[in-house]
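These are my notes from one sitting with a protein model. I wrote down what I looked up, in the order I looked.

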Amino acid sequence: MKTNDLSPIIEKIENRQRISASEGLQLLQSNDLITLGRLAHEVRQEKNGDNAYYIINRHFDYSNICELSCHFCAFAKKEGDKEAFLHGIEDMQQKIKASLREGITEVHMVGGLHPSLPWSYYTEMVRAIRDLDPALHIKAFTMVEIDFFARKYKMSLEQVFQELMEAGLNSCPGGGAEIFAPRARRKICKDKIDGDRWLEVMRVAHQMGLKSTCTMLYGHVETEEEIIDHLDKLRHLQDETGGFLAFVPLAFNPELSVLGRAFRPTSGVKDLKMLALSRLYLDNIDHIKTYWVTSGLEIAQLGLSYGADDIHGTVHEENIMHMAGSSSPHSLSVGNIRRLIGEAGFQPQQRNSLYNII
Ligand code: SF4
């Protein structure tokens, strides 16, 4: 076991002082999960009380056709592949209509970087969802997709966001961040936009008034220093814009990706440590999400005592992680979510996309 005197850092956290990158690294390298959990729980309770949030939502992946081939990704296919799909707008409307009858308040929509769709596909898709229900929150397109739209359709980032917002876009998901460090990025997604560009696109989103989440993919080639570097960059941007609603640490699932053959799934200890570290490092982001789709239900439930305050939502139909081999269910009922939260000793609170309690 590594010896690692955490006392000065513990004192800082207990006095609610911001920890430095090197102190974050020291926490990450500590084996004292119980202390990390205790500290993270205190911060979580101070920010969110006994509340543990969930949302009634559905995921909708409009297409898995992508011109890139990131090594960690088992979702993307090429045009003509057996498993490739592209949803038409009517088909999408029908699916979302069915979910609206079940009470969703948010649709979460992403897709691959499709090489041949017209720009109108995206704006019409958003408009068609908006037409179904003016109150439904549309959270769509990662910064990777937004950058792709700007380059492909020769528009500024502002113009892309403006047109999508006019069609009905309300906020953006935080995917595509993976890990910002260029060394790691070269190994897992060398053709994707770099970390600086992801942050630049997100900065514009926030400046345009769009809120978002932010993510980090861990459990692959990244080093401990690269994890801290990633969290630090997010903390900096949040200081500047205040646009992040929640942080979502995503455990890499090695099952079916090209990269995966060399890796094992992350352990429960690692997943809980990432939640606790995130809660302690990202002092300016109100919510930490324990994403049951990647972590599994057991860790998601335990995660509520390790700094997380949000267990995500009903989801309805998740493809990205399941095509990578996730064995968690494709959706969760509200009853199950509330039971998981209640059993963990927290107060289940249905939230909307902006974290207002419904
Ligand atoms: S991670 Fe995104 S950009 Fe990369 S291959 Fe998969 S769908 Fe395409």
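**Entry 1**

I started with Glu226 and found its place in helix α10. Helices here are DSSP runs of H or I with at least four residues, strands are runs of E with at least two, and both are numbered from the N terminus. This is a predicted model, in which local features need pLDDT of at least 70 and side-chain atom pairs count only at pLDDT 80 or more, while totals for chains, interfaces and linings use all residues. Residues are numbered from 1 along each chain as its sequence is written, and side-chain values use heavy atoms, with hydrogens and water left out.

Is Glu226 buried or exposed? Glu226 is buried, because its relative accessible area is 9%. Buried means under 20% relative accessible area, exposed means over 50%, and partly exposed is in between (1.4 Å probe, protein chains only).

I then looked for what the side chain of Glu226 reaches, and found the backbone nitrogen of Thr223 at 2.9 Å. Not counting residues up to four places away in sequence, Glu226 touches Ile179, Ala181, Arg183, Ala184 and Val221. Contact means heavy atoms within 4.5 Å.

Leu234 also lies in helix α10. With a relative accessible area of 0%, Leu234 counts as buried. Its contacts, leaving out residues up to four places away in sequence, are Phe180, Trp198, Leu199, Cys214, Thr215, Phe244, Phe247 and Leu282. I also checked Lys289, which is 55 residues from Leu234 along the chain; their C-alpha atoms are separated by 15 Å.

Next I listed the buried residues of α2, which are Glu23, Gly24, Leu25, Leu27 and Leu28. Their cover includes α1 (7-14), α3, α10 (224-241) and α11 (268-281).

Asp32 lies in the loop between α2 (21-29) and α3 (33-48). I noted Asp32 as partly exposed, because its relative accessible area is 33%. Which side chain does the side chain of Asp32 make a polar contact with? The partner is the side chain of Thr35, at 2.6 Å. A polar contact is a pair of N or O atoms within 3.5 Å; within protein, one must be able to donate a hydrogen and the other to accept it, and residues adjacent in sequence count only if both atoms are side-chain atoms. Asn4 is 28 residues from Asp32 along the chain, and their C-alpha atoms are separated by 9.0 Å.

**Entry 1: one side of α15**

In helix α15 (residues 334-343) I found Ile337, Leu340 and Ile341 as the buried residues. They cover an arc of only 95° around the axis, so they sit on the same side of α15. The arc is that of the directions from the helix axis to the C-beta atoms. An α-helix has 3.6 residues a turn, so residues three or four places apart point the same way.

These buried residues of α15 pack against β1 (51-55), α13 (297-303), β9 (310-313) and β10 (347-350). After α15 comes Gly345, with a positive phi near 95°.

His312, in strand β9, has a phi near 70°, a positive value in a residue other than glycine. His312 counts as buried, because its relative accessibility is 3%. Tyr355 lies in the segment after β10, and its phi is also positive, near 70°. With a relative accessible area of 10%, Tyr355 is buried.

The largest nonpolar core has 111 residues, of which Met109, Tyr122, Phe141, Ile146, Phe149, Leu164 and Trp198 touch the most other members. Such a core is a set of buried Ala, Val, Leu, Ile, Met, Phe, Trp, Tyr and Cys residues joined through side-chain atoms within 4.5 Å. Leaving aside neighbours within four places in sequence, the contacts of Phe141 include Tyr62, Val110, Met125, Leu169 and Pro173.

Finally, I noted that the protein has 15 helices and 10 strands. Buried residues make up 59% of its 358 residues. The C-alpha trace spans about 55 × 40 × 40 Å along its principal axes.
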